[in-house]
Each structure stands twice: as C-alpha cells, then as structure tokens.
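This briefing covers one protein chain, shown below. The notes after it are grouped by topic.

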Amino acid sequence: MLIAFNKNKKLVQAQDAHRKETFFCCACMELVTLKAGRHKVAHFAHQKGSECEKLGEGETQEHLLGKQQLFHFFKIHNPRLEHYFANIKQRPDLLLDNNQIIEFQCSPISSRRLKERLTGYQKISHISNWILGKPYLKQKHSFKKLIQFMRYQVNLGFYIMYWDVDQSKLLIQHHIKSYLGKLIYEWHTIDNLDDLTMFINNPINVCNQRNHLIADLKHHTISIQKQLSLGSSSLIRIQNLCYQNGYNFGGYPLELDYPYYEPPLWGHQLNYIKIKLLLYLKLNLTMSKKSFLEMFDLLTEFPLMIDVKVINGFKMQLLSSWVKLGIIMIDGNLVKLNQMPNWFESYDQKLAAIPNFVKKKN
Ligand SMILES: [Zn+2]
C-alpha cells in the first residue's frame, strides 16, 4: 500500500512518511509497517498473514511503482490512492474525481475474481479501467488471461491498455484482429492524458490490406495440414466432425476463411463453428436466423465488454458475409442454404485454387 493513516487519522503517503511514526491500514485499521530503502518503492505492509492483504493484489515493486506513476499521469483528475470502499470491501488502485476507477493489474487474476470485482464497482456505479503491467506485456501470462481485459471502442476497435513502468508511459494495443488464425494489432504510446483523450476521440487510419494475402492463405493452409499430419490434439474434434460427414478438414472451403480479418472473439473456435453450421445446413437446408446467430455465442468471457450490441453486430456481419459469398439466403426469419461451397478433396487441390479465389473476391 502507498497510503495509510497516521495516529491522528490523517492520510499519509509512504514516500512522505517518517519511520518513527505509527501507521494504520485505512481498511482494517491494523498496524502497518513502513518499508523503504534505496532500491525499494516506499510502501506500507501488513503483518504477515493479515486477512486484509487479500484485498489488494500482491504488492510487487512494479505494482507499487506503476501505481505511483499512474497517480501522476491522472493528476488532473485528483486521484485518490487505494481508496477503501467499505460497502463492497474493495480497494482500487486509483479513484478519479469523475468516479472512474483505475486498476493496475500485474499478476494473473481468475475470471471469477475479475467478475466479482467488476460487479462490486457496478454496485457503486463506478466504471473501472484495467491497465496491465509488464508480465502481461511480456506475455508471461497466458493469452486467455490477457484477452479477458479486451475492450471495444469505435475508434480503437478491440484494444488492451498497458502501463510500462520503465518508460512511465501508457501503451495501447489497438485494432486487435484475428487474421487467418493469428492475432494482429497496432501499438500506440501515450505520454500524457491529453494524448490519450485525443487518441481515443479521433478515428485512426489502420492499414488493413495485407499485400501477401495469397501467400498468407497458402501458408495458413499448409500449417493446418502440418498440424493434421502431426495429429495435433486441438484439431481432433473438428477433424472428427468433418470425417463423420465424409470430408477432410484440410480441404475445407476457402470461403470459410473469408473475410480474412475477423473480431478476435472466437479464437480457434471460429472455424469449428462455421464448419458445424455448414454441415448442419447441408443436411437440413434451412435453419432459423436466431439459431444461426446463437451458434456464435461467445465461449470465452470478455467481462469488460459489457455491450451486447457490439457483439451482436459482429454476429450479424458473419451472417451477411455468408450471404455475400452466396452460401446462404435470408428468407424472413429463415436462413436457407443457397449453394454449398467447394470442399476440396485434397489439400493440394485447395492450395492450387487459392490465387483464383483471392482474385475473384477482391
Ligand atoms: Zn488492512
């Protein structure tokens, strides 16, 4: 913790505190000790085993330093460090005067715990902004842990915010998209709050057009074939589904990779969902629009993206891309199979068909 009460119940920042005084935790009122040294960020610590410690995340040097730097970054909003909300028993890193909360997250957090904390802030009508630390930036935590912090905004697309304590700067990873099974994104460095406001409020030109689409598509097809021949466990489910229907997964229609840039919401599940839909339609010829869209219900949770409208918009885009490709037609509330796209018998045939397919689609 960076703040504590002194014996007169005045808030004191650790960097201004004197060793000889006594200090008390603002949440549990227990005695805390001042820790300071040449190579340490001055902070207060509970006695070992204190229940209260569980309120905050482990206080690494990075977390303490980042918190202090963010305090200066948001200075214009009169931030309060570690304000304790007794009614929800939560102590966010910063509370701004516009009722926004800043959390600087360096350690991994379970999605259950994250949701609990978000629910707490919702209860007191505060919006929380999550900024991730170096372990996330350096991909020390799994990808699944990372994308639960993804948000969406019209100008930034899907984005994640980081704080780099070495540079004392905010980094924004924006326009995160899925491109042929890989994540692509852009980076932007923010020096101060004015920069941030300007960046968020202006549309950004992102050059989306990859010049090597044909080569990338070939590469993608080859890599799937490689994984299949290695018996990759992640493909077993989808391969079995194809086999049961008399197909080979490696030859799946080129239409299923189109459009090439997709929202990063479904990950590797996207191909599985599309193939399941296609096979269902082949067998039944028709299905309700509602069940078509429900197939794209998210399996991963994105607790910071509360806007269902945004996600529904992306589901509708998938539906209309299949209409454009001529695979389906919409008839009132029904989706009807129009034409089954070409499923290749071998992967060589598929590779050979790529240049023509791309030319036709562009
Ligand atoms: Zn305490």
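Gly-37 stands opposite Lys-40, a residue of strand 5. The model is a predicted one, in which local features need pLDDT of at least 70 and side-chain atom pairs count only at pLDDT 80 or more, while totals for chains, interfaces and linings use all residues. Residues are numbered from 1 along each chain as its sequence is written. Helices (H or I, at least four residues) and strands (E, at least two) are DSSP runs, numbered from the N terminus.

**Strands 4 and 5**
- Strand 4 (residues 31-37) and strand 5 (residues 40-45) run antiparallel and are joined by 4 bridges; two strands pair if DSSP finds at least two bridges between them.

**Domains and their contact**
- The division is into domain 1 (1-55), domain 2 (58-201) and domain 3 (213-361), with bounds that come from an automatic or database domain assignment.
- Taken over C-alpha atoms, the centres of domain 2 and domain 3 are 33 Å apart.
- In the contact between these two domains, domain 2 contributes 19 residues and domain 3 contributes 18 residues; two residues are in contact if their C-beta atoms, placed from the backbone, lie within 7 Å.
- On the side of domain 2 that touches domain 3, at least two residues each come from helix 2 (111-123), strand 10 (151-153) and strand 12 (169-179).
- That side of domain 2 has 12 nonpolar, 4 polar and 3 charged residues. Ala, Val, Leu, Ile, Met, Phe, Trp, Tyr, Cys and Pro count as nonpolar, Asp, Glu, Lys and Arg as charged, and the others, Gly among them, as polar.

- Strand 9 (residues 127-132) runs parallel to strand 11 (residues 157-164), with 2 bridges joining them. Leu-132 has Tyr-162 in strand 11 as its bridge partner.
- Strand 10 pairs with strand 11 in the antiparallel sense over 3 bridges, and Tyr-152 is bridged to Phe-158 in strand 11. The two strands form a hairpin with 3 residues between them.
- Strand 11 also pairs with strand 12 in the antiparallel sense, over 5 bridges. Here Trp-163 stands opposite Leu-170 in strand 12.
- The hairpin of strand 11 and strand 12 has 4 residues between the strands, and Ser-168 in the turn has a positive phi of about 55°.

- Helix 10 (residues 308-324) has 17 residues and should span 24 Å at 1.5 Å a residue, which agrees with the 24 Å between its end C-alpha atoms. The expected span is 1.5 Å times one less than the number of residues.
- The 15 residues of helix 11 (residues 347-361) reach 20 Å from the first C-alpha to the last, close to the expected 21 Å.
- Helix 11 has a kink of about 40° at Ile-354, shortly before the proline Pro-355; the bend at a residue is the angle between axes fitted to the seven residues ending there and the seven starting there.

**UniProt features**
- An unreviewed UniProt entry places "domain: Competence protein CoiA-like N-terminal" at residues 13-53. UniProt positions are given in the numbering used here, feature names are shortened, and annotations may be inferred rather than shown by experiment.
- Residues 13-53 are 0% helix and 39% strand, with 18 Å between the end C-alpha atoms.
- The unreviewed entry also places "domain: Competence protein CoiA nuclease-like" at residues 59-195.
- Residues 59-195 are 28% helix and 34% strand, and their end C-alpha atoms lie 29 Å apart.
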